[in-house]
Amino acid sequence: MQGLFALYKKNIPILIFEENADEYIISIKKFFNLRHLPVHLFTNGVASDENEYGICQKLEDFFNNRMIPYSRRDFKQMLSELEIESNEELAKKSYYLSLSDQYWICSADDMGKIWWEDINFFTNEYDEAIGLRLMTGSKALNKHSNSVSPDNTTNGELPKRWVRKNGKNYLEKAGTGTEQQEPLNEVLASELCRRLGIRFVPYELEIRDENYICVCPDMVDENTELVPMDSVYQDIKLTDGVKYDFQKLIERCEFFGIPNAEIDILKIILLDFIIANEDRHSYNLAFLREAETLKWIGVAPVYDSGKSMFLNKIDFEMECLSSFRIESKPFEEKQYYQFQALPMEKLYGVIDFSALQGIQDWYKDFLAPLRRLSEDKKIALVKKLSERIKEAQELLEEKYKNSPLSAQKQAEKPEALVLRQLAENPRRTKEELSEIVGISRATVTRALQSLVKAGRITRVGSNKTGHWQVN
């Protein structure tokens, strides 16, 4: 890019910036609407124009994270076929539009001439040739090919592409290596989440010419945006320059008003422990908010869990790996230490491990027809899944028994625990109370009935839209 450009969110102009291609710098020329500034450009959790230099640096980073890395397979060759010089130029051809949020850019001269409704990929058709080329290498492109696509701004190393079916957008991702295990891991993560009551993006497996592809619907639409954890956290210093500080992240979430962030993130960490996920980095743990009202919805459903289940390891290597040696992200570098460092005990009574009964049989049947995996690898995978579920349950029970929560809950009746939470927030639902207090939904219902009978609380309004009044 070179010249003056406008950054928009839908049809809302946010700022005008200038990029000097010779010096590789961005400078802000004018602010229009700070309220809709991307969260990644915030300063200490606030949208502000006081640190212009910092905003310029973050804006450059914001754009870099919307570009295909040169390391992706066939990408450099594809640019040559299109006669496009860089990933930046390719992203610009699609106005930097993506299917994760509603931000885009145009030349300052085109302000008021181009409209979101006409160009966005949520509601408009787009060219699928670029995605097809990068996924399969089966279609040559040339400089006359249409290069307007959300694939232009879909980063990451794995071969992937967006497709549009019946007016809905789906992301397809391929695996790597001989085994192509990443798509299989996504499907396993989906099944575990479904059984454990963890919100997730549903992945399904497709086999095309013996190649494994996982397919999932877009988790956002034209009215919601995805905000990576890195954007929420970005002004907080990393621990040892590497690890994220869990408590500081939760404090930032509370500052923003992101509901149920702590419990929902802990659920994802539990899932990652079970599947030995080594790559829950700061861009595949994220949050959702409403695009126009900017109201935070909560933690995004689980996605991008492909680098797990001992990817590219043979059965003998798998057997030698314990939780002390399996890598983890983003709060600690090893799975065992991450589990111990976080307040996982808060999930006790929230996660029902009995829901995983029979998961090993499901996993065995799922792997059975897959010819890219050896029989020894399939047996080892089923065995390791069983072991990791058992270890996760044992560690969770141990943490709970050794925590103040155990003594507190033994000393207090459910009615007292529920009443305390309602005093803090009278709009808490039964599901929320169950998660926070760590008791079953049925116990919450009995506690509420007891409190009503004792005259301690009164229901105001309907069951759906009303709230509790603490007397």
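This is a predicted model: local features need pLDDT of at least 70, side-chain atom pairs count only at pLDDT 80 or more; totals for chains, interfaces and linings use all residues.
Residues are numbered from 1 along each chain as its sequence is written, and side-chain values use heavy atoms, with hydrogens and water left out.

Me: What is the radius of gyration of the protein chain?
Reply: The secondary structure comes to 17 helices and 13 strands, where helices (H or I, at least four residues) and strands (E, at least two) are DSSP runs numbered from the N terminus. The radius of gyration is taken over C-alpha atoms, and the globule rule is 2.2 Å times the number of residues to the power 0.38. For 471 residues that rule gives 23 Å, and the chain is as compact as a globular protein of that length because its own value is close to this, at 24 Å.

Me: What percentage of the contacts with a separation of 6 or more in the protein chain comes from residues 24 or more positions apart?
Reply: Contact here means heavy atoms within 4.5 Å. Among contacts in the protein chain with a separation of 6 or more, residues 24 or more positions apart account for 64%.

Me: Is N166 buried or exposed?
Reply: N166 lies in the loop between β5 (160-165) and β6 (168-174), and has a positive phi of about 50 degrees although it is not a glycine. Buried means under 20% relative accessible area, exposed over 50% and partly exposed in between (1.4 Å probe, protein chains only). With a relative accessible area of 81%, N166 is exposed.

Me: What is the relative accessible area of F310?
Reply: F310 is not a glycine, yet has a positive phi of about 60 degrees, and its place is in the loop between β11 (296-299) and α10. F310 counts as buried, with a relative accessible area of 5%.

Me: Which residue has a side chain that makes a polar contact with the side chain of E345?
Reply: E345 is in the loop between α11 and α12 (359-367) and is buried, with a relative accessible area of 13%. Leaving aside neighbours within four places in sequence, E345 is in contact with L396, K399, Y400, S403 and L405. A polar contact is a pair of N or O atoms within 3.5 Å; within protein, one must be able to donate a hydrogen and the other to accept it, and residues adjacent in sequence count only if both atoms are side-chain atoms. The side-chain partner of E345 in such a contact, at 3.5 Å, is K399.

Me: Which residues does P217 touch, not counting those up to four places away in sequence?
Reply: P217 is in strand β8 (residues 211-217), and at 30% relative accessibility counts as partly exposed. The C-alpha atoms of P217 and M111, 106 residues apart along the chain, are separated by 32 Å. Not counting residues up to four places away in sequence, P217 touches N169, Y170, V201 and P202.

Me: Where is P330?
Reply: The peptide bond from K329 to P330 is cis, with omega near 0 degrees. The place of P330 is in the loop between α10 (315-320) and α11 (335-341).
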